[in-house]
Amino acid sequence: MKIRHIAIAGAMSLIGSAGWAACSFENTTTIKSLTAGFEAWKSVTDAMAECGNVEAELDQEFRTKQPAAFATNPSLYQIGGVSNGTVTPLLNEGTIRPLDDLVARYGANLKPNQLIKIDGQTMAVAMMVNTQHLMYRSDIFADLGLEVPSTYDEVLAAAEKIKEAGVVDYPLGGTMKSGWNLAQDFNNMFLGYGGGFVNEDKTPAVNSEAGVKALNMMKALSAYMDPEYLVSDSTYVQQQFQQGKIAMANLWASRAGAMDDAAESQVVGKVETAAAPLAMAGGTPATTLWWDGIVLAKNMSDEEADAAFRVAMEGLDTEMVTGANDQAIWLIEGYQPGRLATGAIATATASPAPLPYPSTTEMGLMHTALGNNLPDFFTGAKSAEEALAAVEAEYLTAAKEAGIVE
C-alpha cells in the first residue's frame, strides 16, 4: 500500500469531553512498546506501566528500528510510538493494524481529532501535536534590550549582538545532526521560502531558488552555533539550553518543559517561547506541524492487541496529563496550555499557517536523500546547487525503484 495522504482534522483542538480515571484493569499480557525518548513519551509509558506487564523502550533511534521490528512475525513490539513523519514506512509495509474495532470497544473518550484515518480506517491514535518553535532566554534578551525575532534575518541580527556581549558560549543552538535532523531543518526552512518538494509527476523539485536560499540561511545560522553542530540533535540542544550555553534555538515544543525541570536545568523560568520565525515576508513560519501517537502491530494475536490497546488508552488519559501538563501540547481532556506552550500555539495558528509534515512515500524518500547528501554542503565539499543535485539524483533512483516515477 503506497500512502499518498493522511488527513488530520482539527489538530489544534484542545478541548474534549469526558475525563478518565486511574488504570481500570490489571493487565496479565506482556506488552512491549518502542517510542521516542522525550519526556512526554516517558510519562505516557509510565502511565501504561501502572497496569502491569508493560515493558517500554524509549529510544531516539526508534524510527530506524521500528520497520524491521514490526515486520517480524510475531512483532517484537505490540505498541509503537509514531508521528506523521515516521508512520509511513509501517503503513507501506502493512505491519500495523486498523484500530476501529478497538476504538469502538475501549475508545469512548477519544476525540475525533485523535483518530488518524487512512482510506477510511483508523490506523493511529494521536496524543499530542508538536512543532519546532523559537525558544529563547528571556533574561538575556531583557538585559541586552533585544526584541524577540519574528524573522530569520532578525534571528541573525540578535545572534550577532548576543555574540558581541559574550554572555553565552554560543548564541544559537540547532538540530542539525547529519541525517534525519539536518534534513528536517532543511524541510522547515525550504517550506518557509515557499518551496515544494516534488512536481506533479513526483519528480524532485528541491534544486531550486528556495532550496538554495534555505541552505544559505542554514549556513549563516550555523556560524553562531557550536562548531560541532553536525552532531547536534534535539537532546543536544535541550542540554545546551539547560546548561546555559545557548540563548536561542528553533526546537521542538515537546522539549520546552525540560527547561523548567529543576533537577537538570540551570535556566528554570528563564526560557520563553515564540512562533517559529519566518524565512521570508508574507510566508509561513519556517517549520512543520506534527502529531505523535500510538499504533499497534499487525503481527500479534487479537488477544494481545486487545490488551495493548487497553494499556495504551490508560497511558493517554486525563490522570497522565494532569501530571505531565507542560510536557506537550496534548490532545487529551484535561490539558491546560501553559507558559511554554505559547510558541507552539502561535506557530500553529499563524496566518498563513505552516503545513503538516507530508506523510507520503515520496517525502520519505526525499527526507532520506536530503539527510544523506546535505552534509556535503555544510562541510564545504559541495556547493548548494551540487548538494541539491545529488539529493535529486538519489531521490529519482529510489522513486523509480518504488514505482513512483517512470
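These legends accompany several close-up views of a predicted model. Residues are numbered from 1 along each chain as its sequence is written, and side-chain values use heavy atoms, leaving out hydrogens and water. Because this is a prediction, local features need pLDDT of at least 70 and side-chain atom pairs count only at pLDDT 80 or more, while totals for chains, interfaces and linings use all residues.

View A. Let us start with the open space: the largest pocket holds about 570 Å³. (On a 1 Å grid over the protein atoms alone, a pocket is an open set of points with protein on both sides within 12 Å along at least five of seven lines, and a cavity is a set where a 1.4 Å probe fits but cannot get out; lining residues have an atom within 4 Å of a point. Among the 23 lining residues, Arg63, Gly85, Pro89, Gly364 and Thr368 are the closest to the centre. Helices α2 (62-71), α3 (88-93) and α13 (361-373) each supply at least two lining residues, and α13 gives the largest share, eight residues. (Helices, H or I of at least four residues, and strands, E of at least two, are DSSP runs numbered from the N terminus.) By class, the lining has seven nonpolar, 14 polar and two charged residues. (Ala, Val, Leu, Ile, Met, Phe, Trp, Tyr, Cys and Pro count as nonpolar, Asp, Glu, Lys and Arg as charged, and the others, Gly among them, as polar.)

**View B. The largest cavity has about 190 Å³ of space.** Its lining counts 19 residues, and Tyr152, Asp185, Leu221, Met225 and Asn250 are the closest to the centre. Two or more lining residues come from each of α6 (152-165), β6 (170-173), α7 (180-192), α8 (209-222) and β7 (246-252). The lining divides into 13 nonpolar, five polar and one charged residues. Across the whole structure, the search finds four cavities of 30 Å³ or more.

**View C. Cys23 and Cys51 form a disulfide.** Their sulfur atoms are 2.0 Å apart, where a disulfide is a pair of cysteine sulfur atoms within 2.5 Å. The torsion about the S-S bond is about 125°, so the disulfide is right-handed. Cys23 belongs to the segment before β1 (31-35) and Cys51 to the loop between α1 (39-49) and β2 (54-58), 28 residues apart. Cys23 is partly exposed at 23% relative accessible area, whereas Cys51 is buried at 3%. (Buried means under 20% relative accessible area, exposed over 50%, and partly exposed in between, with a 1.4 Å probe and protein chains only.)

**View D. Two peptide bonds are cis, and two residues other than glycine have a positive phi.** Asn73 and Pro74 are joined with omega about 5°, and Pro74 lies in the loop between α2 and β3 (79-83). From Ser351 to Pro352, omega is near 0°; Pro352 is found in the loop between α12 (342-348) and α13. Asn53 has phi near 60° and is partly exposed at 42%. Asp119, with phi of about 50°, occupies the loop between β4 (115-118) and β5 (121-137) and is exposed at 71%.

Definitions and conventions: Points joined across faces, edges and corners; volume = space filled by probe spheres on them.
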